[in-house]
Amino acid sequence: MNTREPDHLNLLCDMAELTTIVTGNSDIETFLASTATLVAQHLKAHVCSIYLVEAMENRLVLRATQGLNPEAVNRVTMKSGEGLVGQCFKNGSIIREGNATQSPRFKYFDNTGEDPFNSFLCVPISSGVEKIGVLVVQHRELDHFTLFDERALRTAMTQLAGAIDNARFLMELGPEKPLEYQSGLPVFLKGEPGGTGSASGQVLISSQDRKSMLYGSNPSNTIFTGSDFKAAVDKTSQELKSLQARFARRLPESASLIFTAHFMILKDKNFTGRMAKLIDEGVQPVSAVKKVARKYIDLFSASPQAYMREKTVDVEDLSIRILSNFQNSNTQKKTVKGSIAVATEIYPSDILKLVADGIKGIILVGGGVTSHVAILSRSLQIPLIIADDPRLLNLPLETILLLDAAQGNIYFNPDKKTLELFKTKHQTEKQIKTQTMESRTFSRDKRQVTLLANINLLSEIRLAKELKAEGIGLYRTEFPFLIRTGFPSEAEQFLIYKQLFDQMDGMPTTVRTLDAGGEKTLAYSGYAREANPELGLRSIRFSLKHKEIFQTQIRAILRAAHGKKHIRLMFPLISSIDEFLEARQVVSDCTLDLEQEGIAHSNSLSVGMMIELPSVLSTIDEFAEIADFFAIGTNDLIQYMMGADRANKLVATHYIPYHPAVNRGINAIVKAADRKGIDVSVCGEMAHDPNYIPFLLGVGVRTLSVDPQFLPSVQKTIMALSLEEAAGYAKKMLAATRVRDAAKLLKTRPIP
Ligand code: PEP
Ligand code: MG
């Protein structure tokens, strides 16, 4: 065992700590220098240097070094592909040389003081799909760095990429700009990312803490009457209806679902009826609304049932809406369009309202963000940042804000250069998305591979089709369940699935039944707190325990699929043949019920399963006999094979997609499917990773399902790959029994 190995864990911990240092007031040069020092220290290297790419010039610039001549910082530059460093950047792959100066690719740069260093290890740094730079370590002795160093550095770079991307960006703003206060405002503030994309606009502070309208005692000077109350309730109802209508196309899953509870409460005799009664008895309308609302809230929040407790959110939102509708709407008429909203409290319906009014971005001050709000802002493509700085609530109204939601950065009164940089960044992202694609995908040796899309929201269908996906390989049905405070009804789900099938118009579409639990906990389900949620009541286990919820979903899918072709249904996280048969029995029972009830439905759905648990591997042939198709969910399969939480960075080095057990497992699944002539696809993240595509195609996978934005790059990879070469490579991979051998082989993959 390598004696330096224990240090690598410390390296990862230190890195994690380091990323938290990059706040608005920290000095970026110091951050990069500390990174270089830390890495050098942990790897016992004589040199550690960080090169970052300059977006405008497309060249690498030495930005920090430990061990080389400090004068070289900001002076040494190179083009992509130039020297070992440029090669590492260009190809996005690690370079490890035991005797670098002898390498034909080595290039000497004046003034670096580089001559005596023989061992060389260079790791690319990328943030998302964007390459941002490289980190290099060097040592005087020959053959100093090992595979362990390589792996540790790669993991460390994954952790650091976001922070380094920030640093790079801030450096491009120029050294003349101190990261200090600019007429009382910081130039930059770091928050928590809650969505993607960037936006700039004038600040719009949500005029008051909405909750205080309900809980505060602020007595109003205005006297309201019973008819004001009726008008406020009517206005609230109109407002909700119009919001719902406006979003019917843009966000079909939530438009009807998000307000169901609101409408029900609004019509409830015991709610608005009770308020009216109190007003008739002489209670001031505002007090009557508050009184009844608080009573309901107290009642719901004290309930032992989680789904009842969740309802407090709906009651609060609705009551605040009624209260704010007492006021003359003129007070609200600020220029919402094109601005950035800053608020302390945000409900899903607020986001819809703000977006309908033309808001460009949202900052949430303090508090957490519920999964609903995060998902909504993402799906509406509204940048959202959570920042815990009360100064944000007192910004002068003319302040211009720029949000970089992917990083969680807020820029105050950004100058032209900053705005330009973001514009360029935005355009590059757009270009990546709209790259032209062929409608079918063939490898270099003319073998066809089918590319499908994974989608979570109906609004993603458009992009998937634009990027020529040949169908949907995975529709995750969780969103409608996550967006609201209770389970969606059969009718509500039916409408969603029907839209999906209508829009796909005969193209193959695979719907996965609810994969609740784990990180996708439904708070109202009553199972919010489990010690090990990933090993808990998640996915098909949840559905089979709550058959009525499962049946509701299956009935909705069967009904929506009526008269449609190529619709497939699959169950997630199947662990045994018994479980698959039990789930499939529910489908048969629901079909029979619908038949007896005389309700139109489909009789011809293919019923398959996701392969996500190692427990199915030893009986995979038997599964292939009973399932209509397999979809390999490598995200979970690797997590459960390795016993390493897929979301826990501390165990990221244990999450090894090229582990011999994973390789052989995938091969066994594909071979079993081939023997029985059933379809098999891969829909986990491995499917879009160029490191693993050669292996997957090499063992015979011919269908990959990926997030729509990856379709162009995956197609490019496949087009440049020979499947015959891939098969030869996969054969060697399958022979490897040790992780280290597989890691070595990974580097020999046929790189397109
Ligand atoms: C997987 O586990 O690989 C998968 C595709 O499912 P999810 O990411 O939704 O768990
Ligand atoms: Mg999964």
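## Basis of the description

Buried denotes a relative accessible area under 20%, exposed one over 50%, and partly exposed a value in between, computed with a 1.4 Å probe on protein chains only. The model is predicted: local features need pLDDT of at least 70 and side-chain atom pairs count only at pLDDT 80 or more, while totals for chains, interfaces and linings use all residues. Residues are numbered from 1 along each chain as its sequence is written, chains are lettered from A and ligands numbered from 1 in the order in which they are written, and side-chain values use heavy atoms, with hydrogens and water left out.

## Magnesium site

Ligand 2, a magnesium ion, has Glu612 (OE) and Asp636 (OD) as its protein donors, lying 2.0 Å from the ion. Glutamate 612 is in the loop between strand E22 (606–611) and helix H21 (620–626) and aspartate 636 is in helix H22 (residues 634–642), so the pair ties together parts 24 residues apart in sequence. Donors are N, O and S atoms within 2.8 Å of the metal (3.2 Å for Na, K and Ca); water is not among the atoms, so sites may look incomplete. Helices (H or I, at least four residues) and strands (E, at least two) are DSSP runs numbered from the N terminus. Glutamate 612 is buried at 2% relative accessibility, and aspartate 636 is buried with a relative accessible area of 2%.

## Surroundings of ligand 1

The shell around ligand 1 holds 14 residues, the closest being Arg476, Glu612, Gly633, Asn635 and Arg646; a residue belongs to it if one of its heavy atoms lies within 4 Å. H22 gives the most to this shell, with three residues.

Backbone N or O atoms approach oxygen atoms of ligand 1 at threonine 634 (3.1 Å) and at aspartate 636 (3.0 Å). Taken alone, ligand 1 exposes 290 Å², of which the protein buries 98%; these areas come from the Shrake-Rupley method with a 1.4 Å probe.

## Salt bridges

The whole structure contains 24 salt bridges, each a side-chain nitrogen of Lys or Arg within 4 Å of a carboxyl oxygen of Asp or Glu. Glutamate 150 pairs with lysine 747, the closest N and O atoms being 3.0 Å apart. Glutamate 150 lies in helix H4 (residues 147–172) and lysine 747 in the segment after helix H27 (739–746), so the pair ties together parts 597 residues apart in sequence.

Glutamate 625 and lysine 676 meet in a further salt bridge (3.7 Å, N to O). Glutamate 625 is exposed at 58%, whereas lysine 676 is partly exposed at 35%.

Key:
Polar contact = N/O pair within 3.5 Å; in protein donor to acceptor, adjacent residues only side chain to side chain.
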